[in-house]
Amino acid sequence: MLPSADPIADTRLWLERAVIGLNLCPFAKAVVVKDQVRFVLSDATTPEALLEELGEELLRLRDTPAGEIDTTLIVHPQILGDFLEYNDFLDEADGLVEVLQLDGVLQVASFHPEYQFAGTAPDDIGNYTNRAPYPTLHLLREDSVARAVDAYPEPDSIIDRNLATLETLGHAGWARLFTEAN
């Protein structure tokens, strides 16, 4: 996916066409349809500024009813473009969740344009399950995740199904998701 001048629009397109369109996350459509996803465009240029913003958004999510905001995507195009630096930052993010005493209440999931699972090649199509157009922190409510997983038949099959979907789609098919009008 080629980034444009509007990171939030790019992220929404990715969410619509990849995450929901390919059903990579069977729980995403419901919160999108109910307009319960908060999109935040970070202007952070340092890890410290991003960590501060993350703290603010964690507290906002904690203090806002799920019916208003069930999940938050913090898109941060100006910082942590290097995947290894981003991956290291996730330890700080998890530490902040603990410091704010939100462990077991909220969690931080991760998406990055260069996402790479351990033991895979950089161009492995399976990495695309976590590839977003920009580095993105995804704040989730633990209770919402638990309810969604409990209601989903065979949640353990999601990863295998996603890998099969992406292997069938291939790199060219992934690219077409964002270049062809739907």
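Begin by selecting strand E4, residues 136-141, which is mostly covered, since 6 of its 6 residues are buried (buried means under 20% relative accessible area, with a 1.4 Å probe and protein chains only). Helices (H or I, at least four residues) and strands (E, at least two) are DSSP runs, numbered from the N terminus. The model is a predicted one, in which local features need pLDDT of at least 70 and side-chain atom pairs count only at pLDDT 80 or more, while totals for chains, interfaces and linings use all residues. Residues are numbered from 1 along each chain as its sequence is written, and side-chain values use heavy atoms, with hydrogens and water left out.

Now show the side chains of E4. In a regular strand the side chains alternate between the two faces of the sheet. Here Thr 136, His 138 and Leu 140 point one way, Leu 137, Leu 139 and Arg 141 point the other way, and all are buried.

Thr 64 touches Ile 69 and Arg 141, not counting residues up to four places away in sequence (contact means heavy atoms within 4.5 Å). Is Thr 64 buried or exposed? Its relative accessibility is 15%, and therefore Thr 64 counts as buried.

Then select helix H3 (residues 47-63) together with helix H4 (residues 83-99), whose axes come within 10 Å and cross at roughly 35° (axes are lines fitted to C-alpha atoms, for helices over the stretch in contact, and angles run from 0 to 180 degrees between N-to-C directions). The residues that make this contact include Leu 50, Leu 54 and Leu 58 of H3 and Phe 89, Ala 93 and Leu 96 of H4.

Finish at helix H1, residues 7-20, where Trp 14 is among the buried residues. The buried residues of H1 pack against helix H2 (28-33), strand E1 (37-41), strand E2 (71-75), strand E3 (106-111) and helix H6 (157-179).

Definitions and conventions
Buried < 20%, exposed > 50% of the residue type's maximum accessible area, 1.4 Å probe, protein only.
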